[in-house]
Amino acid sequence: MPWPRPPAGLAFCACHLAAHLTNKYVLTTLKFTYPTLFQGWQTLIGGLLLHLSWKLGWVEISSGSRSHVLAWLPASVLFVGIIYAGSRALSRLPVPVFLTLHSAADGLVCAFRRIVLRERTSLPKISSALFVLAAAACLPHHDAQFDQEGYFWALSHLLCVGAYKILLKAQKSNVLSDIDQQYLNYIFSAVLLTFASYPTGELLRAVEFPFLYFYRFHSSCWASGFLGFFLSLSTVKLKSQMAPGLCTGWMVFAKVITAGLSLLCFDMVLNPPMVCCLLLGGLGEALLVYSERSST
């Protein structure tokens with residue numbers, strides 16, 4: 001199968017890189033560690049931009065029936081867990097570590113489908129799952145900057161990601177498109193996180209944030225909202241234009257580029273065992289691309 005034109009893949013890589021580095025900058029460099037407010041702002045901007053795109057005719061959103069919306073509600077709850085726990089983890093862990101742990105969700109999904117659903121799984125895919133899970137399990141033991149709370153939230157994040165993907169596979173109905181699903185996720189997340197910011201105390205603590213009135217803080221927050229929106233759109237476009245194997249390849253390439261360039265922007269202490277863990281995770285991702293391309 002010939003490799004298709006790359007604009008969609010390149011756009012996805014650019015959005016993936018910019019979104020993760022911007023989020024890391026806000027969470028770590030500016031130390032805006034208020035995930036309820038931060039993610040509530042991002043999903044609010046994403047929802048408004050998606051709604052505007054719908055009104056302008058750039059995307060198509062179907063309202064769907066109430067039953068379809070209610071059926072999607074558990075996935076939206078998991079989406080909130082994904083972005084909240086991911087924000088907590090990214091604020092405390094280096095980007096390569098966070099992405100390696102995030103990739104372990106694919107290993108959990110593969111294990112669930114093989115053990116629980118009794119699906120036939122190719123040897124490369126099983127090997128991929130074992131490698132990414134082994135890399136995620138070994139990282140905490142060799143991380144010179146080990147942060148117990150960061151790894152706790154990373155574990156919560158990857159469990160939510162795994163559960164979200166399993167739920168997508170379990171749903172038989174294709175009434176809601178990827179855009180419909182993202183639109184519902186944005187609405188639910190923005191409402192829930194906005195109202196949760198007060199009882200969690202983040203709304204009151206954020207008033208004392210030292211960079212609250214600095215342009216670089218506001219520009220970074222606006223950028224994170226727009227980049228999150230464009231990352232969602234580029235992901236949908238990537239999946240719709242490419243076969244699963246090629247789509248997975250671009251996603252893995254985006255992770256590699258993001259992890260590598262993050263080392264130039266943020267401090268990270270590396271040692272030989274930790275590098276081996278990261279490379280093991282990368283090998284697992286490469287095997288996943290190979291298995292996906294072999295099955296198409």
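Biologist: At what angle do helix H2 and helix H7 pack?
Modeller: This is a predicted model, in which local features need pLDDT of at least 70, side-chain atom pairs count only at pLDDT 80 or more, and totals for chains, interfaces and linings use all residues. Residues are numbered from 1 along each chain as its sequence is written, and side-chain values use heavy atoms, with hydrogens and water left out. Helices here are DSSP runs of H or I with at least four residues, numbered from the N terminus, while axes are lines fitted to C-alpha atoms over the stretch in contact, and angles run from 0 to 180 degrees between N-to-C directions. For H2 (residues 35-55) and H7 (residues 178-196), the axes lie 8 Å apart and the packing angle is about 140°.

Biologist: Which word describes how H2 lies to H7?
Modeller: Angles under 35 degrees count as roughly parallel, over 145 as roughly antiparallel and 65 to 115 as roughly perpendicular, with the rest called oblique. The angle between H2 and H7 is about 140°, which means that H2 is to H7 oblique.

Biologist: Is the crossing of H2 past H7 left-handed or right-handed?
Modeller: The convention calls a crossing left-handed if the near helix is turned anticlockwise from the far one by less than a right angle, and right-handed if clockwise. By that convention, the way in which H2 passes H7 is left-handed.

Biologist: Which residues of H7 make the contact with H2?
Modeller: Contact means heavy atoms within 4.5 Å. On the side of H2 the residues are Thr-36, Gln-39, Gly-40, Thr-43, Leu-44, Gly-46, Gly-47, Leu-50, His-51 and Trp-54. Facing them on H7 are Ile-179, Gln-182, Tyr-183, Tyr-186, Ser-189, Ala-190, Leu-193 and Ala-196.

Biologist: Where is Tyr-183 placed, and which residues does it contact, leaving aside neighbours within four places in sequence?
Modeller: Tyr-183 has its place in helix H7 and is buried, with a relative accessible area of 14%, where buried means under 20%, exposed over 50% and partly exposed in between (1.4 Å probe, protein chains only). Apart from neighbours within four places, the contacts of Tyr-183 are Gly-47, Leu-50, His-51, Trp-54 and Ile-61.

Biologist: At what angle do H2 and helix H9 pack?
Modeller: H9 covers residues 215-241, and its axis is 8 Å from that of H2. The crossing of these two helices is right-handed. H2 and H9 pack at an angle of about 55°.

Biologist: Which residues of H9 make the contact with H2?
Modeller: By class, this contact has 10 nonpolar, five polar and no charged residues. H2 contributes Phe-38, Trp-41, Gln-42, Ile-45, Gly-46, Leu-49, Leu-50 and Ser-53. H9 contributes Cys-221, Trp-222, Ser-224, Gly-225, Phe-226, Phe-229 and Leu-233.

Biologist: What distance separates the C-alpha atoms of Phe-38 and Glu-202?
Modeller: Phe-38 is found in H2 and is buried, with a relative accessible area of 1%. Leaving aside neighbours within four places in sequence, Phe-38 is in contact with Asn-23, Val-26, Leu-27, Phe-32, Ser-87 and Ser-224. Glu-202 is 164 residues away along the chain, and the C-alpha separation is 9.9 Å.

Biologist: How far from the sulfur of Cys-13 is the nearest cysteine sulfur?
Modeller: A disulfide is a pair of cysteine sulfur atoms within 2.5 Å, and the structure holds zero of them. Cys-13 is in no disulfide, the nearest cysteine sulfur being that of Cys-15, at 9.5 Å.

Biologist: What is the relative accessible area of Lys-31?
Modeller: Lys-31 lies in the loop between H1 and H2 and has a positive phi of about 60° although it is not a glycine. Lys-31 is exposed, with a relative accessible area of 57%.

Biologist: What is the relative accessible area of Arg-118?
Modeller: Arg-118, which lies in the loop between helix H4 (95-115) and helix H5 (123-142), has a positive phi of about 60° without being a glycine. Arg-118 is exposed, with a relative accessible area of 66%.

Terms used. Ala, Val, Leu, Ile, Met, Phe, Trp, Tyr, Cys and Pro count as nonpolar, Asp, Glu, Lys and Arg as charged, and the others, Gly among them, as polar.
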